[in-house]
Amino acid sequence: MIKQKIQNKEKKMRILFNDSVDEDVKTWILPIFADNKFGTDAEELDKKSNGLIRKAVDSSTFEGKFKEKLELRTVSGTGLDNIILIGIGSKSELDSNKAEEVGSLIEKTLNELRIEDAAVFLNGVRDFGDNIADGAYLYSHRFDKYRTKQSDKDKPSLDELSFVCKNSKDVEEKFDILKKIAGGVFFARDLTAEPPNVLYPESYAKRVKEMFKGTKAKVEILSEKKMMKLGMGSLLGVGQGSAKDSQLVVVNYQGNPDKSEKPVALVGKGITFDTGGISLKPPAGMDMMKWDMGGSAAVIGAMKAIVDRGAKANVVCVLALAENMPSSNAQRPGDIVTSMSGQTIEVLNTDAEGRLVLADAMTYVQKFHDPKIIIDAATLTGAILVALGHEYGGLFSNNNVLANQLVKSGEAVKDRLWQMPMCTAWDKQVDSEIADMKNIGGKYAGSATAAAFLERFVENDTPWAHLDIAGMAWSDTEKPVSRKGATGYGVRLLNKFIEDNFEG
Ligand code: BES
Ligand code: MN
Ligand code: ZN
């Protein structure tokens with residue numbers, strides 16, 4: 001196979017924290033509250049400019065409303081090139097998510113103005129300084145590695161963004177943790193954005209192995225041969241039509257001082273490309289199906305965040321990786337496969353493949369890791385897009401305590417979830433006439449019948465939640481802290497969920 005050569009060197013912004021501003025930095029950013037228009041930083045600067053800044057603000061319509069901007073160029077007396085006032089809104093309404101948005105706005109503004117370095121004055125907003133930096137950092141992530149003809153002026157201009165406040169070390173320490181979590185988000189975004197000729201099950205597994213090298217987490221990769229021995233007929237049927245070997249990747253991290261504590265299991269759907277198989281998808285938009293591994297990216301990105309920040313929890317992550325292709329060897333509608341659980345499945349639509357790979361991954365993790373909780377993430381159904389669009393992931397669970405915990409953690413980091421109902425009528429719909437179940441339900445409630453199918457692979461009523469993130473892994477529009485493209489949705493949610501509930 002031809003090795004793809006990548007030429008474009010991506011530019012990465014550096015983030016620094018300082019107690020005082022470096023004199024070479026000629027662009028200053030002043031966050032301004034709506035309540036008092038002028039913060040201490042602005043006040044001081046205003047003196048330097050002989051009141052010119054205040055004058056400019058007073059004569060403008062700038063009110064310090066959330067994400068409002070006022071750009072002042074070459075204010076005499078200051079020796080600066082730019083002073084940019086950024087509205088924070090009312091002080092009482094500021095929270096971490098709004099602070100992130102302010103950060104992403106700063107990154108965007110500076111690149112639009114082609115500025116290379118700038119200082120953000122944090123004294124008025126010090127409590128949220130780490131979140132502002134995090135927003136800028138999250139938003140600075142791009143996927144430009146294949147754009148070999150990108151000229152310097154098409155690349156982001158911003159090299160260095162420094163955050164200035166008293167005792168900046170404290171803010172920096174808080175940011176260091178957020179930076180590790182962002183590293184997990186970036187890993188998920190990069191995996192999701194990779195084209196399917198580059199990212200296929202084996203190359204994906206290799207990347208995971210590389211990523212966790214030298215960490216406390218152990219990576220195990222199961223080939224088709226190994227999965228065959230384990231009887232994973234459901235997963236293997238999906239990859240059967242592909243020239244690529246399917247893979248099961250298991251990442252085990254024991255961060256809890258008590259190693260015997262049962263782990264939380266994170267299971268991800270990793271279809272590196274979903275053509276639909278013999279139940280072939282229509283051509284329009286089929287390229288989007290490269291991100292049908294978004295669920296696996298979410299869980300492995302969360303795992304990276306959890307491992308890198310040294311979470312005191314035991315977490316095991318399983319990625320079910322396969323490519324769903326039509327071929328003379330592909331599985332047919334009507335085939336009956338035997339899953340690792342022993343249950344048989346009539347495959348009536350080869351495009352309902354996500355549940356098939358997840359089923360065996362769930363059985364595997366229960367057999368070998370005895371988890372106390374199972375959470376799966378998957379770009380599972382188009383129907384969840386009809387229901388929730390691009391704003392909420394769909395949450396299905398057999399346990400309301402778990403569901404509420406997930407909703408809460410999601411809300412906190414704005415990876416939002418909406419709980420969907422489960423009921424026995426939907427479970428009945430996946431009964432088959434000639435096997436234990438079939439892989440599709442009726443015409444309606446496609447996300448719910450998919451969840452009902454998955455629930456059949458949960459043993460002993462283990463608390464389980466299924467996140468259908470088909471509308472969230474990728475976005476055609478800008479999000480608060482991500483550009484068009486892969487969002488890394490789910491990484492911060494799952495990391496927060498572990499932090500909130502399993503670290504003492
Ligand atoms: N990967 C798709 C789901 C999907 C659709 C994700 C659109 C993102 C955007 C999944 O494998 C699929 O094809 N699901 C089918 C299930 C149906 C055949 C029961 C669907 O949703 O149409
Ligand atoms: Mn499909
Ligand atoms: Zn799919």
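Modeller: Two strands are said to pair if DSSP finds at least two bridges between them; a strand is a DSSP run of E with at least two residues, a helix one of H or I with at least four, and both are numbered from the N terminus. The structure is a predicted model, in which local features need pLDDT of at least 70 and side-chain atom pairs pLDDT 80 or more, while totals for chains, interfaces and linings use all residues. Residues are numbered from 1 along each chain as written, chains are lettered from A and ligands numbered from 1 in written order, and side-chain values use heavy atoms without hydrogens or water.

Biologist: How do you know that strand β9 and strand β13 pair?

Modeller: Five bridges join β9 (residues 264-274) to β13 (residues 373-378); the definition asks for at least two, so the strands pair. They run parallel, and Val 267 stands opposite Asp 376 in β13.

Biologist: What makes helix α6 a helix that packs on the sheet?

Modeller: Helix α6 (residues 201-211) touches β7, β8 (247-254), β9 and β10 (314-324), where contact means heavy atoms within 4.5 Å. The direction of α6 makes about 155° with that of β10; such angles run from 0 to 180 degrees between N-to-C directions of axes fitted to C-alpha atoms, for helices over the stretch in contact. Helix α9 (residues 294-308) also packs on the sheet, touching β8, β9, β10 and β13, at about 150° to β10.

Biologist: Why are β11 and β16 called edge strands?

Modeller: In the open sheet β11-β12-β16, whose pairing is mixed, β11 (335-338) and β16 (437-438) each pair on one side only. Four bridges join β11 to the antiparallel strand β12 (residues 344-347); as at least two are required, this is a pair. Ile 336 stands opposite Glu 346 in β12.
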